[in-house]
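Here are my notes on the packing, for you to read with the model open.

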Amino acid sequence: MFKRIIYIILIIGFFIFLTTSCLHKDSYEDETVINHNLEEDLIEYPTKKDFKIIEFNGKEFIQNQNNIGKFGGTLSNSTIGEGPKTFNIWNAKDATSSSLGGIMFEGMFTTDPFNGEVIPRLAKSVQIDKAGKTYTVTLRKGLEWSDGKEITSDDVEFTYNTIIKGGYGDTSSRDVMAVNGVLPTCKIVDKYTVQFTTPEIFAPFLRMLGFAIAPKHILKPVTDKGIEEFNRYWGVTTNPKDFVISGPFKLEEYVPAQRVVFKKNEKYSIIDKNYNVLPYLNKYVVYIVGDLNNQVLKFEGGELDILPVMGKQVARFKSLEKNSDYKIFNLGASDGTTFLSFNLNTRKNEKGKYYVDPIKQKWFNDNNFRKAVDYAIDRDYIVSNVLSGVGMPLFTAEGLSSIYLNKELANGHKKDLTLAKELLKSSGFYTDEKGILHDKDGNVVEFTLMTNAGNIERESIGVMIKEDLTELGMKVNFKPIEFNVLVGKLTGSLDWDAIIMGLTGSALEPNNGANVWYSTGSLHMFNLRQEDDAINKKDLLPWEKQIDELFAKGATTLGFENRKKIYDDYQQIVYDNNPFIYLYTPLNIYAVRTKFKNLEPTALGGVIHNIEEIYIE
């Protein structure tokens, strides 16, 4: 439901395999023909597939209305990187862990992958009072955890009041559910009914109720032992037999750096038109493939059934499609964002030491400096050489697929070294006879730019940006580091200069990024505050305050057009102040084996959003 740090490539399915030979500007290739063909292949939203909630054998099931399938078989997917950090979805801080946890746990509501509407999942219905602040949610009766215990309102109330409000695990859910700093309340009405009350009208609240529900009978003894115990629970060393789940698949085996194997949940609460309990597939396997080249080789060797197709691979895979056993799907622009960011933190840690060198603090907090970097970056070159033309430059905080995109900003600007140099000069920066940039006090402008090692796309972009900034006289020490170390710097020690990073996004709801944009947010990484500073809103920058106010207003305003104006304004502020310097938006392109049926990829849901219905012919 909220934005998370991205470090793996499969989850958003668009990162590009790139050899270092592609980093030189003389390797530019014209991809016009490829882009033209991709536009022709762009899929439209399929017709919404209706579903029913029916009573069968004393239980209320969701009955899907898709084609009747066959039982058995395995779907093999993959992920780039080191694999999951946890299987505790409430403590998942990365996209891999969150995605794999999402296979095992469901929420009361979900997003319809065809039209973006909020639809029931564990819930049966919701009533909203006339004041628009009280939500009465009724669960389906007879829902079962995988151990046979019934899912009730006790589980919902425990998940919200103890785990989310109590600050257990990752606190991003809590960040996005607060209204002007105040969290909604939750109380039990009866065994199958819970009631949420927001402090004031909260436009996106129904969508927020998609958080994963936890089994109280399993996790309450853990939360009773404290936050640290909960955050360790259901980690990657847990015996798969110990998991109690509600989703379509349950963990069967985890082999570090090799694979994650899930088996079907026999007590799942969705059936087909013949009243067969889904899913059809026996197993879902996610291989940890190490790098993009290996991922392609495994797909071509038949070990993988799904492949995110990258950059220069697109033309080849498309040309071979006709005589192959796969089909290419172009799902359009990604809703995630990739960006460069500087550390704007000017505070000291508990030992009285600055998180960021005070000399660098002055550079990074100078908007002319950040704007100069923005204008020095050649986004068109990045798209042409890293994405091979399969994507577009990005300049906005909302992705190009967002219904809230500020279209007046979407086209951004071209690289302009002359303007960049003028901006630096206006803040007292100058270059010496060797072309080296100095600040007004004579300090050489030198800083470290980091990204997660092993992500070849970001490593390639880092080299390009280093070259671009060298043209301004800046000395950039580009340093890819292990992802866990990088996250530790971003959210723990805060000792970093600049990063290339990515965030997941939402095409439908800007408030899902509240944990990024609120000055107190847990992913407000460019100026992350420790707890005391967050409470006191210490050293709040003027434009941070403006964004705080806009997000509070956007969350409490009804009507799309009214909210659109508010979120247009927040994008304008981000564009003007550059806390994140956005880089590009790729296209989500996948190759999928044709043996799988009931496959209905959508831009909102991805390739296997209906995994319980997918079967092998």
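1. This is a predicted model, and the ring count comes to 43 aromatic pairs, taking centres within 6.5 Å as the cut-off. Take Trp-517 and Phe-526 as an example: their rings sit 5.9 Å apart, centre to centre, with 45° between the planes, so the pair counts as tilted. Both Trp-517 and Phe-526 are buried.

2. Those two rings also belong to a cluster linked by ring pairs, whose members include Phe-339, Tyr-404, Trp-543, Phe-551 and Tyr-582.

3. Have a look at two charges over rings as well. Arg-316 lies over the face of Phe-317, 4.8 Å from the ring centre, and Lys-327 does likewise over Phe-329, at 5.6 Å.

4. Which residues have the most contacts inside the largest nonpolar core? They are Met-108, Phe-196, Phe-369, Met-474 and Trp-517, in a core of 141 residues. Strand 23 (residues 580–593) supplies the largest share, seven residues. Domain 1 (66–325 + 594–616) and domain 2 (337–508 + 579–587) each contribute at least three.

5. Apart from that core lies another one of 17 residues, with Ile-80, Val-314, Tyr-326 and Ala-591 among them.

6. Back to Phe-196: leaving out residues up to four places away in sequence, its contacts include Met-108, Tyr-135, Val-156, Phe-205 and Phe-211.

7. Last, helix 15 (residues 483–493). Its buried residues are Phe-483, Leu-486, Val-487 and Leu-490. They span an arc of only 95° around the axis, so they fall on the same side of helix 15. These buried residues pack against strand 20 (446–452), strand 21 (475–481) and strand 22 (498–503).

Definitions and conventions
Residues numbered from 1 in each chain as written. Predicted model: local features only at pLDDT ≥ 70, side-chain atom pairs only at ≥ 80, totals over all residues. Heavy atoms only, no water. Core = buried A, V, L, I, M, F, W, Y, C linked by side-chain atoms within 4.5 Å. Buried < 20%, exposed > 50% of the residue type's maximum accessible area, 1.4 Å probe, protein only. Helix = DSSP H or I, 4+ residues; strand = E, 2+ residues; numbered from the N terminus. Domains from an automatic or database assignment. Contact = heavy atoms within 4.5 Å. Arc of directions from axis to C-beta. Phe/Tyr/Trp six-rings, centres within 6.5 Å; stacked < 30°, edge-to-face > 60°. Lys NZ or Arg CZ within 6 Å of the ring centre and 35° of its normal.
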